[in-house]
Amino acid sequence: MDAEAAKYIGAGLAVLPLFGVGLGLGIMFGNFLSGAFRNPSATAGLTGNFFIAFALTEATGLFALVIAFLILFS
Amino acid sequence: MIEQLMPSFLRPLAAGPMEQFEIVRIIPLDFNGAVDISFTNASLWMVIVVLSATLFFALATRRLALIPGGTQSMGEVAYEFIAKMVRDTMGDEGRQFFPFVFTLFTFVFLSNFLGLLPSIPGTPAAVHSFTVTSHIIVTFTLAIISVGLVVVYGLIKHGFGFLKLFAPSGVPLWLLPLITPIEIVSFLSRPVSLAVRLFANMLAGHVVLKVFAGFVGSLLAAGGVLSILSVVPLIGIVGVFLLEFLVAFLQAFVFAILTCIYLQDALHPSH
């Protein structure tokens, strides 16, 4: 197989963690919303932590993206 | 050809999604390749960020009133936001770190935010809008400053007691050989994860915007039904752009709050 082709396949494989990130974000949003709907008065206290967790989870997917870029452009 | 009929800013962009991160020398100061301290577009945008932050807070605190006006209340909101964050994570002792965390937050937030400004079409690359934080060397420097402050302050305040950070209290003695290496590795990976998180978010956001813009351009150029379809990625850009505003703020917030949490370790190493 051509080295160039292997590079593209590798870059594609490197973004597979997005599967887990999607699952994680879905679980997080779902739980946050169900918590917020059950006890609307507690929503304000939850939002801060929720956004930190959102950013941390999203970053995992972006790490994968950086690896993909490294494979593609280096 | 339809391409020639379109105004210049609608023509399919020749540049790929990565060209926007190119660093261009504006004032070359290259000493035989040994030392290169050229004034680049990255430097220019850092200067813009610092100047606009200074200008904003100078305006906000110019005529202080008991009942704040528009600019003053915006300044107060920013101040209160960070002050509350520092108080919540570090308590009263953390007040000495407030100027550092506030500066860090303002710099990161404004670089993320001003980087979202559109470039003027047809101008040279040197004056295109540029996101400083989309370069890992910038974010890594900021992260090293934060973690370096944690190490230096912890060592000055607690001496060797700072090493208790790697041996959490309440862990049974036989577990320590296992826990300590894990704690050391997690401590060492802090600057890396702090830097890569911010850099990757900015890089990915701008690449996605550019890729969607490329879709609009190529669909318009295709002509016929496909040009009408180009509205779809255009709406997509608007959505991604709104998300980018959220991300610009969120990443600055996460950077600042993680710095606070790490500084809390320097204040109280034995958890």
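Analyst: Over residues 42-60 of chain B, the chain is 100% helix and 0% strand. The end C-alpha atoms of that span are 27 Å apart. This is a predicted model. The span is one of those that UniProt, in an unreviewed entry, marks as "transmembrane region" in chain B. The others in the record are 97-116, 136-156, 207-229 and 235-263.

Residues 207-229 of chain B are 91% helix and 0% strand. Their end C-alpha atoms are 21 Å apart.

Residues 12-30 of chain A are 84% helix and 0% strand, with end C-alpha atoms 28 Å apart. Residues 50-73 of chain A are 100% helix and 0% strand, and the ends lie 34 Å apart.

Now the helix H3 of chain A, residues 43-73. H3(A) has 31 residues. From first C-alpha to last, H3(A) reaches 43 Å, close to the 45 Å expected at 1.5 Å a residue. Its buried residues are Ala55(A), Glu58(A), Ala59(A), Gly61(A), Leu62(A), Ala64(A), Leu65(A) and Ala68(A). An α-helix has 3.6 residues a turn, so residues three or four places apart point the same way. The buried residues of H3(A) pack against partners in both chains. In chain A these are helix H1 (3-14) and helix H2 (18-38). In chain B they are helix H6 (176-222) and helix H8 (231-267).

Next, the contact between the chains. Ten residues of chain B are in contact with nine residues of chain A. On the chain B side, H6 and H8 each supply at least two residues. H6(B) gives the most, with five. By class, this side of chain B has seven nonpolar, two polar and one charged residues.

Last, the nonpolar cores. The largest holds 49 residues, and Val108(B), Phe255(B) and Ala256(B) touch the most other members. H3 of chain A supplies at least two residues of this core, as do H2 (41-60), H3 (70-90), H4 (98-114), H5 (136-158), H6 and H8 of chain B. H8(B) brings the largest share, 13 residues. Leaving out residues up to four places away in sequence, Phe255(B) touches Leu104(B), Val108(B), Leu194(B) and Leu198(B). Another core, of five residues, lies apart from the largest one. Among its members are Phe212(B), Val216(B), Leu219(B) and Leu220(B).

Key:
Residues numbered from 1 in each chain as written. Chains lettered and ligands numbered in written order. Predicted model: local features only at pLDDT ≥ 70, side-chain atom pairs only at ≥ 80, totals over all residues. Helix = DSSP H or I, 4+ residues; strand = E, 2+ residues; numbered from the N terminus. Expected span 1.5 Å × (residues − 1). Buried ≥ 20, exposed ≤ 12 C-beta atoms within 10 Å, placed from the backbone. Contact = placed C-beta atoms within 7 Å. Nonpolar A, V, L, I, M, F, W, Y, C, P; charged D, E, K, R; others polar. UniProt positions renumbered as here; feature names shortened; annotations may be inferred. Core = buried A, V, L, I, M, F, W, Y, C linked by C-beta atoms within 7 Å.
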